[in-house]
Amino acid sequence: MPAPRPRIPVERIIKPQSLAIIGASEDIAKFGGRFMHNVVRHGYAGELLPINPGRETILGRRAYPNISAAPGPVDVALVAVPSAQLRQTIEECGAAGVGACVVITAQLGEFDAAGAALQDEIVRIAASHGMRLVGPNCLGMVTPTHALGLTSSPTLQYAEKLPRGSVGFVSQSGALMGALFVLGYDHGVGFSSMITVGNQADLELCDFFEALIEDTETNVICLYIEALKDPRRFVDLAQRARARGKRVLAVKAGQTEAGSAAARSHTASLAGSYAAFETVCNETGVLLMDEPEAMILVAGVLARTPRMGPGGIGMVVSSGGGGAVTADRMTVAGLPLAVWTEETHSQLDKHFPRTHQNNPVDLGAHFGALGPHIFKHAIDAVADDANTGAFIYVMTPQPLMPQTVEVVIEVWRRQTKPAIFVLDTSRFGEEVRQLLLQSGMPYLTRIDDAIRLLELLVRERDFSAAAGRMAPARPGGAGPRGSTLPSGFLTEPEAKELFRQYGIATTRDQAVRTAQDAVKAADAIGYPVVLKGVSRHVVHKSDLGLVRLALADGPAVDRAFNEVAAALAAAGEAGDPTIVVQDMVRGEAELIVGVRHDDSFGPQVMVGFGGVMVEVLRDIQLASAPLDKDRALALLRKLKLWPILDGVRGRPKLDVDAVADTLVRLSWLAHDLGGRLQDLEINPLIVRVAGQGAVAADGRGTLKA
């Protein structure tokens, strides 16, 4: 048996030297016809081989009856045939030595069992010949840097030429590529390549992600993701892209997917699969966005924009009202606004009263006769201010629009800091839009997108500042002690024993079976105490009357024991009840601290405000485990209610160091449990004033066998 031929590299698939279109046609109503027209229209310079047994020529190119009759070897064959012909077509391509097939045919693995079986079969056939597959159920690719429009999308008929640039795009949706292509075209976004992967039966999104990282013509990479076949590879590639200085933007579908264990665990419901993905993106420098359209427009700006340096955002606007609203929205988004230096104020003094030298500067607030020099002085002063890390101009309909945009273009050409132009003029601004397109300056048309872009620039800057940390070290006394852990749901006493093994402070607990023993335990622990019923079948104990708080003496404990025992019986717990007596811990705040093992990305830590209100507040932060103290403190500072921990409005500062230590120790617990961990949480973690610690008052978890 001859050795299988070497597989064609992915880079050669994106930029093929020879291309066969199976099912080629001149009829634009057919898939094969649209592919042919788009490839020919946009000037593909490689060898184009139409395959159609019924035609001698198609669009002036010689046609061949089948792939075996075409001169080879062929780098890429576009397969647009009905599913009944797919098996034979793939076999013929493999036998003819085709490097890769781009399979448009749909209703396979995404459709039904029969389609999935056929999909598996064509993958086996292709592999037996050393041939790669893109798709099936994809819509091809567009490679402007190679003058290749290998797609049936009608949007390519709209474009006079393929907009060449340095934005690369990989998508699990075919139709979305067409929509984003025309959006980018209208906004002057230049692409290196746009690739659809469909069902990822063979080549998958990460294969093309990797190729774009290596591609010298790609500087910004955009990804539309529905499901990752190899999440760990995605993380590795994201880190590689970061090391190469390439910006990566992603949109991930499925934000609202609920975890299957949500009823068992707050951690599972709040730190679900999308949250896990968001966490690894934040940790690897991937700029996660909320919609594909904004991603493409922002990428077009990033591709021609330097990174943001120190300082805040300096704004100039042509509408005072619009500027006020924009400033409000930026403040709400947590974006830093620049504070002008005295030198900038001196420049602005020439045309603006001090009372109107705000950020943003409203050009309409000048005094004296209007002239282009007034706008230029203001724009240059704000853009060049030492405290301006990024400059933004928001243009609404105004006087001197062409002259003003030329000034902003000059600021952008200096490339000393990000310069962002928002053209908020609708059709009235067409002349300005043409000036921007001719200059090459990227622009946006929505304040929403400008805010997204500025958030990404700030996030990118902060990520760079935090990069290069040492690997976290295990704290002293944080490690397993050899005890056997049960599988399944962990009761509070079992969870707390696990916490104590890792040096996490817990309440003083004693499990009892009788009211008499409960009173003895309370006497030994010291009043006030708490009684809790123990059950493997009940998660939210307080909902079923299994918790009694602030018991001040023996008679109160005796009564509470009997009440909790009755509630346990009502909940289905047979036999003698197990009830825990513990000290009543008081503090200044209640947090939830949890860990879970994500099947795709491994162990992750969650912290947030809550207690019984955790799912109402939904004020949480996540990070991959294990953590060091600096990262743990950074998580706490990102909480919306961080001021409570930091001593807001005269309240005492709380023991954030103790909370950070708890996070670190719990993260190592998650790291050590590995795949056995499903979820584990402390809720609440009672936080006392600075220097007095934090105590785990309750806990639960689930371990796999």
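## Cysteines

A search of the whole structure finds 0 disulfides, a disulfide being a pair of cysteine sulfur atoms within 2.5 Å. The structure is a predicted model, in which local features need pLDDT of at least 70 and side-chain atom pairs count only at pLDDT 80 or more, whereas totals for chains, interfaces and linings use all residues. Residues are numbered from 1 along each chain as its sequence is written, and side-chain values use heavy atoms, with hydrogens and water left out.

Cys93 is buried, at 0% relative accessibility; buried means under 20% relative accessible area, exposed over 50%, and partly exposed in between, with a 1.4 Å probe and protein chains only. For Cys206, the closest cysteine sulfur belongs to Cys281, and the separation of 11 Å is too far for a bond. Cys206 is likewise buried, with a relative accessible area of 0%.

## Aromatic pairs

Across the whole structure, the search finds 7 aromatic pairs. One of them joins Phe181 and Tyr185, which are stacked at 6.4 Å centre to centre with 20° between the planes. Rings of Phe, Tyr and Trp (its six-membered ring) pair if their centres lie within 6.5 Å; planes under 30 degrees apart count as stacked, over 60 as edge-to-face and the rest as tilted. Both residues belong to helix α6 (residues 174-186), where they are 4 residues apart, about one turn of the helix. Helices (H or I, at least four residues) and strands (E, at least two) are DSSP runs, numbered from the N terminus. Phe181 is buried at 1% relative accessible area, while Tyr185 is partly exposed at 22%.

Phe209 and Phe234 form a tilted pair, with 5.9 Å between centres and 45° between the planes. Phe209 lies in helix α7 (residues 205-214) and Phe234 in helix α8 (residues 231-243), so this pair ties together parts that are 25 residues apart in sequence. Both Phe209 and Phe234 are buried. These two residues also belong to one aromatic cluster with Tyr274, Phe277 and Phe601.

## Charges over rings

The charged end of Lys252 sits over the ring of Phe277, 6.0 Å from its centre. Elsewhere, Arg34 lies over the face of Phe31, at 4.9 Å from the ring centre. A charge sits over a ring if NZ of Lys or CZ of Arg is within 6 Å of the ring centre and within 35 degrees of the ring normal.

## Strand β15 and its partners

Strand β15 (residues 312-317) is mostly covered, with 6 of its 6 residues buried. β15 pairs in the parallel sense with strand β17 (residues 388-395) over 6 bridges, and Gly314 stands opposite Phe391 in β17. β15 also pairs in the parallel sense with strand β16 (residues 361-362), over 2 bridges; here Val316 stands opposite Val361. Two strands pair if DSSP finds at least two bridges between them.

The whole structure holds 1 cavity of 30 Å³ or more. On a 1 Å grid over the protein atoms alone, a cavity is a set of points where a 1.4 Å probe fits but cannot get out, and lining residues have an atom within 4 Å of a point. About 100 Å³ of space lies in the largest cavity. Of the 14 residues that line the largest cavity, Thr491, Glu492, Ser535, Val538 and Lys541 are the closest to its centre. The elements giving two or more residues to this lining are β19 (488-490), α18 (492-501) and β29 (699-703).

Technical notes
On a 1 Å grid over the protein atoms alone, a cavity is a set of points where a 1.4 Å probe fits but cannot get out, and a pocket is an open set with protein on both sides within 12 Å along at least five of seven lines; lining residues have an atom within 4 Å of a point. Grid points are joined across faces, edges and corners, and a volume is the space filled by probe spheres set on the points.
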